Amino acid sequence: MAPAETLFRTLSNTPARAFAPALLLGFALAAGSANAAPPPPPTPGAGVGSKTGLPLPRYASLKTDRVNLREGPSKDHRTLWVFQRAGLPVEIVAEFETWRRIRDSEGTEGWVLHSLLSGRRTSIVTAAKAGAKGETRPETPLYARADDASGEQARLQAGVIGSVKSCTGAWCRVVVALPQKGGNVDGYVRQERLWGVYPYEKVE
């Protein structure tokens, strides 16, 4: 079988493009790694990390704008994706030595070096759910206060990334870079509309 081509992915403040990460991931994994014999990976969801003692799973973010996602916990393993967005939220689901197995908002998993991850909490706006009559609501309101009746600061498209300042379990205060608004905008978003924080999680 011919070697799988390295796959590249770029995430930006625009709605996610449609593609099939599961199919591509399966193709890359099927290609295998001729020179590496990976150790058995830890079981995701074990409760606490074997190296850090921190909870598993937990959210983190990418520290740099180029992060290789590998099929196993070493540099000998094939690169599955190249993330090109610093601040992208990811979920850490397992640990092995200096490597962390992560999952992105679309469900793609792989291994990255722990030095490429940051504890800074960020979130990504998820796609809007269909309304009662099946109509879609493509944008998410960013409110001035944690109140649906407060004024809207902006309307955010799916895929927009923001820094999480705090969460109450129902609302999160986030700061989002919006060039059309002249820079950073500070406001509140319904917690259920964000990926990067758990339902009902409180962030101080």
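A residue counts as partly exposed when its relative accessible area falls between the 20% under which it is buried and the 50% over which it is exposed; the legends below describe a predicted model.

**View 1. The pair formed by Tyr 59 and Tyr 198 joins distant parts of the chain.** The ring centres of Tyr 59 and Tyr 198 lie 4.3 Å apart with their planes at 35°, so the pair is classed as tilted. Tyr 59 belongs to strand S1, whereas Tyr 198 sits in the segment after strand S14 (194-195), 139 residues apart. With a relative accessible area of 24%, Tyr 198 is partly exposed, while Tyr 59, at 11%, counts as buried. Together with Trp 195, these two tyrosines form one aromatic cluster.

**View 2. Tyr 143 and Trp 171 form an edge-to-face pair.** Their ring centres are 5.7 Å apart and their planes stand at 75°. Tyr 143 comes from strand S9 (residues 139-143) and Trp 171 from strand S12 (residues 171-178), so the pair ties together parts 28 residues apart in sequence. Both partners are buried, Tyr 143 at 11% relative accessible area and Trp 171 at 8%.

**View 3. The largest nonpolar core contains 18 residues.** Leu 62, Phe 83, Ile 102 and Leu 117 touch the most other members of this core, to which strands S1 (58-62), S2 (67-70), S3 (79-83) and S4 (89-96) each supply at least two residues. Leaving aside neighbours within four places in sequence, the contacts of Leu 62 include Val 67, Phe 83, Val 90, Leu 116 and Leu 117.

**View 4. Another core, of 16 residues, lies apart from the largest one.** Among its members are Leu 142, Val 189, Leu 194 and Val 203.

Definitions and conventions: Residues are numbered from 1 along each chain as its sequence is written. This is a predicted model: local features need pLDDT of at least 70, side-chain atom pairs count only at pLDDT 80 or more; totals for chains, interfaces and linings use all residues. Side-chain values use heavy atoms; hydrogens and water are left out. A nonpolar core is a set of buried Ala, Val, Leu, Ile, Met, Phe, Trp, Tyr and Cys residues joined through side-chain atoms within 4.5 Å. Buried means under 20% relative accessible area, exposed over 50%, partly exposed in between (1.4 Å probe, protein chains only). Helices (H or I, at least four residues) and strands (E, at least two) are DSSP runs, numbered from the N terminus. Contact means heavy atoms within 4.5 Å. Rings of Phe, Tyr and Trp (its six-membered ring) pair if their centres lie within 6.5 Å; planes under 30 degrees apart count as stacked, over 60 as edge-to-face and the rest as tilted.
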